Amino acid sequence: MKEKCVIGIDIGGTHMRSALVDRKGTVLAFRKAHSESRQGPDSLAHRLAQQCLALLADAGLPSHFLCAVGLGVAGKLDPASGSVIFSPNLPSLAGFPLAVKLQDALQVPVVLENDANVFGLGEAWLGNARNLPHWIGVTLGTGVGGCFFAHGRLWEGDRLGFSGEIGHVIVDPEGPECACGQKGCLEAHASATALVKGIDLARKEGRALSPLLNEALHAGKLTARIVHQAAVQGDPTARGLFSRMGWALALALSNLFTFLGISTAVIGGGVAASWDQFAPPMENYIRRVPSMLDPHRTRIHRSELGDMAAVFGAASLAWQRAEGR
Ligand SMILES: [Zn+2]
């Protein structure tokens, strides 16, 4: 017998990934499309609704099998009104009631949540944070996102529209400028943007870079993945940036671990693919940091769900709504 299902959607600046998911987390259908946010928010809402209907058709399910939809979006949100307040990667969504529009189109409840929080919900449901009571989630991408789980539940703080924003914890007040306007945030050391900016700065300072980096810089196509490749090949500037990233992550996490009295984190996002470069300096610094932490009890896991973590998390949120939890 066919069972009820939900849809989880992760909307990024470039792509929107969506999956039709059953109660056990089995993916019944999956779609990935360009966000094309420049076409405006109404067009995005319309294409999202079409994508949801296409998922049901892919799985051969009629629309009444759909219970709810969960949406993960980067930025500051107002989950109560289903509106995006501000999204750095999707500026056209500012003030737009995305969840309400999708709810009207699909006639099922639609829940909106920050992308780093849905990453955490996905890890808690099906990933490395299963059965963990207290832990910090970190997403390394264009920016750095974060979330905090206490007693197995997502921490919402005072519901100010943000929580767990580890990316804007300051690790060096004299450090590089961050997109938020502050100096020295974790994001300014540990994001894809920070890696690319770090190479660009080294070029301006006249430091010798490997041909791989020089070619990518001249073509205007330098990415975090290329900086990683250069580090693997031994480029000292690229290696130095990953070392700095590891140090900054260790400093932010060890401060939070010490304050909260916890010892576990899960790191995901696209830049987590560079784990071999930043994790050794991160673990080394955590071992040396003077604090009350027992370094042998500290556990920093890499996400194994990859870019599906946020999709599963959005689906988990949809199940919570469908079941009235
Ligand atoms: Zn910042």
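**Close-up views of the second largest pocket and helix α3**

**View 1. Secondary-structure elements lining the second largest pocket of the predicted model.** At least two lining residues come from each of β5 (76–78), β7 (110–114), α3 (115–126), β10 (153–154) and α10 (309–322). With five residues, α10 gives the most to this lining.

**View 2. Centre and volume of the second largest pocket.** The space in this pocket amounts to about 970 Å³. It is lined by 36 residues, and those closest to the pocket centre are Glu113, Leu154, Glu156, Leu317 and Gln320. Sorted by class, the lining holds 17 nonpolar, nine polar and ten charged residues.

**View 3. The second largest pocket in relation to domain 1 and domain 2.** Domain 1 covers 5–121 + 308–322, and domain 2 covers 132–304. The pocket lies between the two domains, because both give residues to its lining.

**View 4. Burial of helix α3.** α3 supplies at least two residues of the lining of the second largest pocket. The helix is mostly covered, with nine of its twelve residues buried. Those buried are Ala116, Asn117, Val118, Phe119, Gly120, Leu121, Gly122, Glu123 and Trp125.

**View 5. N-terminal cap and span of α3.** The N-terminal end of α3 is capped by Asn114, which has a side-chain oxygen 2.9 Å from the backbone nitrogen of Ala116. Ala116 is one of the buried residues of the helix. The end C-alpha atoms of α3 are 16 Å apart, which agrees with the 16 Å that its twelve residues should span at 1.5 Å a residue.

Notes:
Residues numbered from 1 in each chain as written. Predicted model: local features only at pLDDT ≥ 70, side-chain atom pairs only at ≥ 80, totals over all residues. Heavy atoms only, no water. 1 Å grid on protein atoms, 1.4 Å probe; cavity = no way out; pocket = protein on both sides within 12 Å on 5 of 7 lines; lining within 4 Å. Points joined across faces, edges and corners; volume = space filled by probe spheres on them. Helix = DSSP H or I, 4+ residues; strand = E, 2+ residues; numbered from the N terminus. Nonpolar A, V, L, I, M, F, W, Y, C, P; charged D, E, K, R; others polar. Domains from an automatic or database assignment. Expected span 1.5 Å × (residues − 1). Buried < 20%, exposed > 50% of the residue type's maximum accessible area, 1.4 Å probe, protein only. Polar contact = N/O pair within 3.5 Å; in protein donor to acceptor, adjacent residues only side chain to side chain.
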